[in-house]
Amino acid sequence: MPIPGIPSRAELVDHLVRTRIAGDVATPRENNLSHYRKLANGDRNYWLGLEFGDRWSDEQDVLAVMAERCGVNDDPEYRYGQDTIDPDLTVDALERLAARLRKAADGEQRVLFATGHPGGLLDVHRATAAALRAAGCEIVVIPDGLQTEEGYVMQFADVAVLEHGATLWHTHSGEPMRQILKGLEGAGRPLPDLVVADHGWAGCAGRLGIDSVGYADCNDPALFLAEAEGTLQVTVPLDDHVTSPRHYDPLTAYLLDAAGLTNGG
C-alpha cells in the first residue's frame, strides 16, 4: 500500500525498491543493452527527440553514463538477467528536480507538462502541475488541432498527451512536442519557460533550447545522455510503468515537499 503523507528519504528509498520503481526493476539487462546499442548505431527511434550526431557511437560510453546516472550494472560482460536502478540516484534526481520546480514557482514561470507514458506518469505530472499553479505559475494550454502521424496531440488534466483511436498513446517521439511549440509560435504565444515531461517530449524541448526536465527508464538512455551534455537540466531514473500508478504517489509527495509546494508554495 502507498505510504501515507510525505515520506522521509529512507522511507521513499524503501518504497521505490518494494514497488520496483527502482532497485531490481522489471526491465531485463538484454533489453537495456539492445537499446543502448541501437542508440549508438544511430537509430533515431531511441534518440527521443534529441540530436546526438556521432557523439555516442560507442555503446560502452552509453553504458558508462547509464551506470553513473541511472545505476545499471557497469560490467559490459554482464549481458543477461536482472538489471537495476539505484534508488538513491532516483531520490538525488528528485531533489534536483525539486530545486528547478522551486525556481519556476519563485519566478511564476510558464510551465508545460507532457507525457509519452500516460499509463504510468500522467498523475505525477498532473499533481505537479496543480502544485505549480497554486504557487502562481502559468500552466501552458496547448493549441487546438495539433496532430502527428501517430495521432492527435491533446491535453488532459493539464498534461499534453498523444491520443490515437480514443486512447491515450504511449510514444517515444519528439514530434508531438515540436508541434506544440510550433503551434504556440504560430499563434503568437510565448514558449514555456520550463517543460516537465518524459520520452521525446522532454528530449525535443531540450534540443530546441527550452529548459527541460524529465523522467526516464533504464532502457531509455537518451535523456540521461542529454543531461550529461547539459541539454536537459534533470533526468530522474525510474521504472516508468509499474503495476499500479498509485505506487508513484509517495515519490510525487516527496518531490513537491522538497520543492516547498506542498501547501500552495
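Student: What volume does the largest cavity have?
Tutor: Keep in mind that this is a predicted model. Rolling a probe the size of a water molecule over the atoms shows where empty space is left. Counting cavities of 30 Å³ or more gives two. The largest cavity has a volume of about 40 Å³.

Student: Which element gives the largest share of the lining of the largest cavity?
Tutor: Start with the residues around that space: L33, Y36, E59, Q60, L63, P76 and R79. Two elements, α2 (29-40) and α3 (59-69), each give two or more residues to this lining. The largest share is three residues, and the element they come from is α3.

Student: How many charged residues does the lining of the second largest cavity have?
Tutor: That cavity holds about 30 Å³ of space. Around it sit L39, A40, G42, W47, F52, G53, D54, W56 and S57. Sort them by class and you get five nonpolar and three polar residues, and the number of charged ones is one.

Student: Is R9 buried, exposed or partly exposed?
Tutor: Buried would need a relative accessible area under 20%, and exposed would need over 50%. R9 has a relative accessible area of 28%, so its label is partly exposed.

Student: Which helix holds both D14 and R18?
Tutor: These two form a salt bridge as well, and their closest N and O atoms are 2.9 Å apart. They sit four residues apart, about one turn of the helix, and that helix is α1.

Student: Which helix does E229 lie in, the partner of R55?
Tutor: The side chains of R55 and E229 meet in a salt bridge at 2.7 Å, N to O. This pair links distant parts of the chain, 174 residues apart. R55 is in the loop between α2 and α3, while E229 is in helix α8.

Student: And how many salt bridges are found in the whole structure?
Tutor: Some salt bridges share partners, and in that way R9, D88, D92 and E95 are joined into one network. Searching the whole structure, the number of salt bridges found is 18.

Conventions. Residues are numbered from 1 along each chain as its sequence is written. This is a predicted model: local features need pLDDT of at least 70, side-chain atom pairs count only at pLDDT 80 or more; totals for chains, interfaces and linings use all residues. Side-chain values use heavy atoms; hydrogens and water are left out. On a 1 Å grid over the protein atoms alone, a cavity is a set of points where a 1.4 Å probe fits but cannot get out, and a pocket is an open set with protein on both sides within 12 Å along at least five of seven lines; lining residues have an atom within 4 Å of a point. Grid points are joined across faces, edges and corners, and a volume is the space filled by probe spheres set on the points. Ala, Val, Leu, Ile, Met, Phe, Trp, Tyr, Cys and Pro count as nonpolar, Asp, Glu, Lys and Arg as charged, and the others, Gly among them, as polar. A salt bridge is a side-chain nitrogen of Lys or Arg within 4 Å of a carboxyl oxygen of Asp or Glu. Buried means under 20% relative accessible area, exposed over 50%, partly exposed in between (1.4 Å probe, protein chains only).
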